[in-house]
Amino acid sequence: MLARISEVVDPSKIDYVVSNHVEMDHSGNLAKILELAHDAKVVTSPNGEKGLRRHYKEDWDFVVVKSGDTINIGKRTMQFFLTPMVHWPDNMVTYLPEEKILLSNDAFGQHIATPERFDDEIGWDVLYEEAAKYYANIVFPYGDQVKKALDALSGLDIEIVAPGHGIIWRTYLPKILEAYQKWATNTAENRAVIIYDTMWGSTEKMARSLRAGLEKAGIPRDHA
Ligand SMILES: [Fe+2]
Ligand SMILES: [Fe+2]
């Protein structure tokens, strides 16, 4: 990553490092970056500053932002929106209006390891599963806050959503936004679980018949 950054800019000339989230999968490399980008200011939310100070015990040059604040960096502007509890109290997202890119932090992320960068290089079916699994594991308890974040971002002109981890959304953006709207309101789908044990296969036959009946009634088949 440092090599790639160095191809674009000499790290010692970096003015701002944006820290959207204190959690280690997002900020773990911050101290190393700031050693190289020694003149950089650290842009973060109020809770981000508290968290970074607690974690790293460093008196970095913090710029604390609130929702809607902007920083112009020449050809581009960075605009910040606080998205507390999606996934920690400090979370915020960064929007680049000139590029129509939202750096969405934990929101819209997935825990997926892939050499691909963009959603259409993987396909919606796999990504829907991964994004749903991620949502269920990371942000599920915070549906109300997700809804608030979606409302706050709804006025923005967004073409690309680049989460802190996972692939970048560009083709399936309307689909993932629609999925988040559904998840945030805890809209449940019709599902059934059939648990059975079978010694001679008879109960299994019954379980399979039950499943066939449920599928016929329009309850989708799961992968398990
Ligand atoms: Fe997180
Ligand atoms: Fe994360």
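Tutor: Let's begin with strand pairing: two strands pair if DSSP finds at least two bridges between them. The helices (H or I, at least four residues) and strands (E, at least two) are themselves DSSP runs, numbered from the N terminus.

Student: Before we apply that, what kind of model is this?

Tutor: This is a predicted model, in which local features need pLDDT of at least 70 and side-chain atom pairs count only at pLDDT 80 or more, while totals for chains, interfaces and linings use all residues. Residues are numbered from 1 along each chain as its sequence is written, and chains are lettered from A and ligands numbered from 1 in the order in which they are written.

Student: Thanks! How many helices and strands does the protein chain have?

Tutor: There are 8 helices and 8 strands in the protein chain. Its C-alpha trace spans about 70 × 35 × 30 Å along the principal axes. Domain bounds come from an automatic or database domain assignment, which here gives domain 1 (2-184) and domain 2 (191-224). The C-alpha centres of these two domains lie 41 Å apart.

Student: In what order do the 3 strands of the open sheet run?

Tutor: The order is 1-2-3, with parallel pairing. Strand 1 (16-18) and strand 3 (62-64) are the edges, each with a single partner strand, so one side of each has no neighbour in the sheet. From one strand to the next the twist averages 30°. Strand 2 (residues 41-44) and strand 3 are joined by 3 bridges; look for T44, whose bridge partner in strand 3 is V64.

Student: And which order do the 5 strands of the other open sheet follow?

Tutor: That one reads 4-5-6-7-8, and its pairing is mixed. Strand 4 (70-72) and strand 8 (160-163) are the edge strands, each pairing on one side only. Here the twist averages 20° from one strand to the next. Strand 4 pairs with strand 5 in the antiparallel sense over 3 bridges, and T70 stands opposite Q79 in strand 5.

Student: At what angle do the axes of helix 5 and helix 7 cross?

Tutor: First, the convention: axes are lines fitted to C-alpha atoms, for helices over the stretch in contact, and angles run from 0 to 180 degrees between N-to-C directions. Helix 5 (residues 124-139) and helix 7 (residues 173-184) have axes that come within 11 Å and cross at roughly 35°. A contact, in turn, needs the C-beta atoms of two residues, placed from the backbone, to lie within 7 Å. On helix 5 the contact is made by W124, Y128, A131 and Y135, and on helix 7 by K175, I176, A179 and W183.

Student: Is V86 buried or exposed?

Tutor: A residue is buried if 20 or more other C-beta atoms lie within 10 Å of its own, exposed if 12 or fewer, and partly exposed in between, with C-beta atoms placed from the backbone. V86 is buried because 26 other C-beta atoms lie within 10 Å. You will find V86 in the loop between strand 5 (77-82) and strand 6 (92-96). Beyond its neighbours within four places in sequence, V86 has contacts including D106, V139 and Y142.

Student: What share of the protein chain is buried?

Tutor: Buried residues make up 26% of the 224 residues. As for contacts between residues at least 6 apart in sequence, 59% join residues at least 24 apart.
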